[in-house]
Amino acid sequence: MEQLNFMIGEWVGTTKVYENGVVARQGSAYENISYDLDKSILVIELNTEFLQLHTIINYDEKDQKYYYYRFSKGGAARYPAEYKDGQLIVWRDEKTRFFFSRTQEGGFQEYGEQIINREWTKFFEDTFKNTQ
């Protein structure tokens, strides 16, 4: 779980939703990320103008994998994830993935990609600065 320390913080930023490679909607985003249960889980509380999520990430020693548990008004889901090249990559399915990484400026970024016409295409991006 220590690999995910870069995510910890109280974050303020912007969310962008893309359609056909162009920003279709943009708004404010707030995120609080902290450890819980003796650092055995990472808790993410995301609030944007378009989406509210409560997410829990844990590492399963038996599977040697991270798991991303997403809770929203529409329900819950569990996705496998991996830590690779300094970022967490969550696989919703074979055609959709989410990236969590630190920015060069010391901020935090999340974005999602889907395969469209055999190419990975960004469909959202959240960029944050730490308020702590």
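Leu51, Leu53, Phe98, Phe123 and Phe124 lie nearest the centre of the largest pocket, whose lining counts 21 residues. The model is predicted, so that local features need pLDDT of at least 70 and side-chain atom pairs count only at pLDDT 80 or more, while totals for chains, interfaces and linings use all residues. Residues are numbered from 1 along each chain as its sequence is written, and side-chain values use heavy atoms, with hydrogens and water left out.

A pocket here is an open set of points on a 1 Å grid over the protein atoms alone, where a 1.4 Å probe fits, with protein on both sides within 12 Å along at least five of seven lines; lining residues have an atom within 4 Å of a point. The largest pocket holds about 420 Å³ of space, a volume being the space filled by probe spheres set on the points. Its lining divides into 12 nonpolar, three polar and six charged residues, where Asp, Glu, Lys and Arg count as charged, Ala, Val, Leu, Ile, Met, Phe, Trp, Tyr, Cys and Pro as nonpolar, and the others, Gly among them, as polar. Among the strands that each supply at least two residues of this lining are strand 1 (9-19), strand 2 (22-36), strand 8 (96-102) and strand 10 (119-130).

Strands are DSSP runs (E, at least two residues) numbered from the N terminus, and two of them pair if DSSP finds at least two bridges between them. In this model 10 strands close into a barrel in the order 1-2-3-4-5-6-7-8-9-10, with antiparallel pairing. Neighbouring strands of this sheet are turned by 25° against each other on average, direction ignored, with the axes being lines fitted to C-alpha atoms and angles running from 0 to 180 degrees between N-to-C directions.

| Strands | Bridges |
|---|---|
| Strand 2 and strand 3 | eight bridges |
| Strand 3 and strand 4 | seven bridges |
| Strand 6 and strand 7 | four bridges |
| Strand 7 and strand 8 | five bridges |

Strand 3 is mostly covered, since six of its eight residues are buried, buried meaning under 20% relative accessible area, exposed over 50% and partly exposed in between, with a 1.4 Å probe and protein chains only. On one side of strand 3, Ile41 is the bridge partner of Asp36, and Ile41 also stands opposite Asn58 in strand 4. Further along, Ile44 has Thr55 in strand 4 as its bridge partner. The hairpin of strand 2 and strand 3 has four residues between the strands, and in this hairpin Leu37 takes a positive phi near 50°, whereas the hairpin of strand 3 and strand 4 has three residues between them.

In the hairpin of strand 6 and strand 7, which has two residues between the strands, Asp85 takes a positive phi near 55°, and Ala81 stands opposite Val90 in strand 7. Strand 7 and strand 8 likewise form a hairpin, with two residues between them, and Trp91 has Arg97 in strand 8 as its bridge partner.

The structure holds two salt bridges, each defined as a side-chain nitrogen of Lys or Arg within 4 Å of a carboxyl oxygen of Asp or Glu. Arg97 forms a salt bridge with Glu113, the closest N and O atoms being 2.7 Å apart. Because Arg97 lies in strand 8 and Glu113 in strand 9 (residues 108-116), the pair ties together parts that are 16 residues apart in sequence. Both Arg97 and Glu113 are buried. Lys122 and Glu125 meet in a salt bridge at 3.2 Å, N to O; Lys122 is partly exposed, with a relative accessible area of 28%, whereas Glu125 is buried, with a relative accessible area of 10%.
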